Amino acid sequence: MRDRERVRFLDGLRGIAAVQVLLLHYCAAFLPAIGLVSPPLVRHNWERLFVHSPLFIIVDGDAAVFLFFLISGTALTYSFEPRPFAVFSGVARRVIRLGIPMIGSLILAAAWLLLWPDAHVAAGRLSGSSDWLAIAGPRAVTIGALLREMFLSSFLTGHSDGWATLLPAWLARWLNLPGNASAIN
């Protein structure tokens with residue numbers, strides 16, 4: 001029972017890390033001096049103070065991603081402990097549990113991009129985040145691109161960026177994986 005309490009604690013910590021990543025993306029889009037840690041983009045004095053204060057941990061999504069993966073590995077180890085040889089059923093449960101929300105978010109993102117294809121570019125100009133927000137997203141949303149992201153890059157392989165995949169760099173290049181910045185979601 002004590003182990004289960006520790007896993008719940010790790011799940012909570014993983015949720016906090018996910019919120020940090022969300023806040024980093026929000027800041028990169030709308031407060032680029034903070035989200036991109038870019039002093040030339042400072043519009044308010046408090047932004048410079050925030051970036052160089054201990055409060056920056058709230059939006060430090062980069063560190064949170066690494067923490068998230070470490071915690072997930074530990075939680076997965078505990079989840080396979082009761083039936084260590086039931087790999088297929090364990091993987092199938094994870095695919096369903098993670099795949100359905102991921103596919104839903106991709107369909108929603110694709111719909112938004114089809115309805116408002118340049119909204120992120122306009123928002124990037126308004127927020128001063130044209131180096132991040134305005135270049136984010138695919139060149140075109142097609143059924144092929146959506147399916148590739150659903151079943152390959154977002155779900156199985158990751159993206160070609162060195163930090164966005166567990167694949168060796170040569171294999172990511174050979175598979176011609178898209179970069180994280182050109183992902184639909």
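Helix 5 has a kink of about 30° at G99, shortly before the proline P101. (The bend at a residue is the angle between axes fitted to the seven residues ending there and the seven starting there; helices are DSSP runs of H or I with at least four residues, numbered from the N terminus.) We're working on a predicted model, where local features need pLDDT of at least 70, side-chain atom pairs count only at pLDDT 80 or more, and totals for chains, interfaces and linings use all residues. Residues are numbered from 1 along each chain as its sequence is written, and side-chain values use heavy atoms, with hydrogens and water left out.

**Exercise 1.** Work out what span is expected for helix 5 and what span the model gives.

*Solution.* Start with the length: helix 5 has 29 residues.

**Exercise 2.** Find which residues of helix 5 are buried, and what they pack against.

*Solution.* Apply the cut-offs: buried means under 20% relative accessible area, exposed over 50%, partly exposed in between (1.4 Å probe, protein chains only). That picks out G90, G99, M102, L106, A109, A110 and L113. Next, look for contacts, meaning heavy atoms within 4.5 Å: the buried residues of helix 5 pack against helix 4 (61–80), helix 6 (119–127) and helix 7.

**Exercise 3.** Which residues make up the largest nonpolar core?

*Solution.* Such a core is a set of buried Ala, Val, Leu, Ile, Met, Phe, Trp, Tyr and Cys residues joined through side-chain atoms within 4.5 Å. Here you get 8 residues: M102, L106, A109, A110, L113, L146, M150 and I184. Helix 5 (87–115) and helix 7 (143–157) each give two or more, and helix 5 gives the most, with 5.

**Exercise 4.** Classify the 2 aromatic pairs in the structure.

*Solution.* Rings of Phe, Tyr and Trp (its six-membered ring) pair if their centres lie within 6.5 Å; planes under 30 degrees apart are stacked, over 60 edge-to-face, the rest tilted. Y26 and F30 have centres 5.2 Å apart and planes at 45°, so they're tilted. Both sit in helix 1 (residues 2–30), about one turn apart. Y26 is partly exposed at 48%, and so is F30 at 38%. F50 and F56, at 6.4 Å and 70°, are edge-to-face. F50 is buried at 17%, and F56 is buried at 15%.

Terms used:
Expected span 1.5 Å × (residues − 1).
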